[in-house]
Amino acid sequence: MSDVLIEAQGLGKQYHRGYFQKRGRDRGSDQFWALQDVDLELCQGEALGIIGPNGAGKSTLLKILSRVTTPTEGWLKVRGRVGALIELGAGFHPELSGRDNVYISGSILGMSRREIARRFEEIVAFAEIEEFIDMPVKKYSSGMYVRLGFAVAAHMDPEILLVDEVLAVGDGSFQKKCFGAMERFREQGASIILVSHSLYNISRNCARGMLLLEGRTSFLGTAEEAIAAYQSALAERERQSGLQGALDVAEHLCSKDLEITRVQMLDPRGGAVSALESGAPLRVVLDYAVRRPCPAFHAEVVILDWDGNTLAVNHTYLEHAPFLVTAETGRVECAWPTVPLTSGSYVLQVALYDETGRVRQDIWQGVYRQELGFTIPPNDKSIYLERWRGVVELECQWLAGPLDAAAAADLPGEGRS
């Protein structure tokens, strides 16, 4: 039997925006393609991440794969039980209790009544709504509603798991449960398709990646390559759209007395770096050109994750005298003897400031510049310890032994002799 669980070719979905009427003409339909000419293959045990901007067709593709909607063109074959964490709680009847909706939703997802009854207590406990389970769901908060929908979908033990942006819904505890369920499915050998705007989540959970742009497959390959292609596409869109985003505004507000001309990430031998082992050294080399007279300046290098969270900041204003400008062009280098980040995808932000450290001269932000992105690949340890690891992996030494007499005497209560 083939290990290909999902096979699709030439998938397309056409929608109507609505009806309109032009002068002197009959009413007609305004049609558009949300998805067009998409090929896909997913094998057993694979994890595929789908990324792209809003309106790229990601959710439409998942709805076709989960058979919520049918394609307008192309064909699709799905082998195995499909669990879809999409639009959690869709189909709940507001007048019925949570108990009734568990059975209805489970039946819609393909679970037998006996299977639902066997796992009912587990589902309710997972949703953390035991005392409200017999209350009509119209009285639930939005968080309770979504948690119950997720709990039902997460307990059907699918062979194929489809996950939309549901992972961005709810509080931190709920998101941990989402990822915990995904990890459990992966350990059981299920195949996963994950749609997310969090490129870190894609990098962390998926080996393969697909980039959708305007309803078409723009790139299909490894997750890291797909992320790089997305980053490049975003940069191109920003260049074409002009001063529209916060990044453009930040660059527009720079004085440009000094202008960054090139930034390189290098290893100790001078080779370009795009992937870095955790704990390895890294040099960031920034070239600049003088556009207007500037006696001195400060420099800054920031490391951020793919979600834009600042992880580390090195600013010469805090730790170094300003650099003097002695020629029309120059170079600044920031060298880290070790970068103890755990596995994932990261970007740099580099900037130049005037001698006071307050007026920004120029800034490059890695979210739109492919040359400022790098990854820390997973190793044998991180594959098994990912859920317990933080952002930074600090070196430490562990010691163990008996307490000496003085320390034992300081113990409270029974510890005292």
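# Close-up views of a predicted model

**View 1. Within β15, V332 is the bridge partner of L286.** This is a predicted model, so local features call for pLDDT of at least 70 and side-chain atom pairs for pLDDT 80 or more, while totals for chains, interfaces and linings use all residues. Numbering starts from 1 along each chain as its sequence is written, and side-chain values rest on heavy atoms, with hydrogens and water left out. Strands (E, at least two residues) and helices (H or I, at least four) are DSSP runs, numbered from the N terminus. E333 in β15 is likewise a bridge partner, in this case of V285. Strand β11 (residues 282-290) is joined to β15 by eight bridges, and the two run antiparallel.

**View 2. An open sheet is built from three strands in the order β10-β11-β15, with antiparallel pairing.** At its edges are β10 (258-266) and β15, each of which pairs on one side only. Neighbouring strands here are turned by 20° against each other on average, direction ignored. Two strands pair if DSSP finds at least two bridges between them. The axes behind the angle are lines fitted to C-alpha atoms (for helices, over the stretch in contact), and angles run from 0 to 180 degrees between N-to-C directions.

**View 3. Strand β15 (residues 329-336) has two faces, one covered and one uncovered.** G330, V332, C334 and W336 make up the covered face, whereas T329, R331, E333 and A335 make up the uncovered one. In a regular strand, side chains alternate between the two faces of the sheet.

View 4. R262 and D287 form a salt bridge whose closest N and O atoms are 3.2 Å apart. R262 sits in strand β10 and D287 in strand β11, so the contact ties together parts 25 residues apart in sequence. R262 is partly exposed at 42% relative accessibility, but D287 is buried at 11%. Buried stands for under 20% relative accessible area, exposed for over 50% and partly exposed for anything in between (1.4 Å probe, protein chains only). A salt bridge needs a side-chain nitrogen of Lys or Arg within 4 Å of a carboxyl oxygen of Asp or Glu, and the count comes to twelve.

**View 5. R208 and E46 meet through their side chains in a salt bridge of 3.1 Å, N to O.** Since R208 belongs to strand β8 (residues 208-213) and E46 to the loop between β2 and β3 (47-51), the pair ties together parts that are 162 residues apart in sequence. E46 is partly exposed, with 24% relative accessibility.

**View 6. The model has six aromatic pairs.** In one of them, Y15 and F32 are tilted, 6.1 Å centre to centre with 35° between the planes. The pair links Y15 in strand β1 (residues 4-20) with F32 in strand β2 (residues 28-43), 17 residues apart. In another, Y103 and F120 have ring centres 5.8 Å apart and planes at 25°, so the pair is stacked. Here Y103 comes from helix α2 (residues 98-108) and F120 from helix α3 (residues 113-127), 17 residues apart. Both Y103 and F120 are buried. Rings of Phe, Tyr and Trp (its six-membered ring) pair if their centres lie within 6.5 Å; planes under 30 degrees apart are stacked, over 60 edge-to-face, and the rest tilted.
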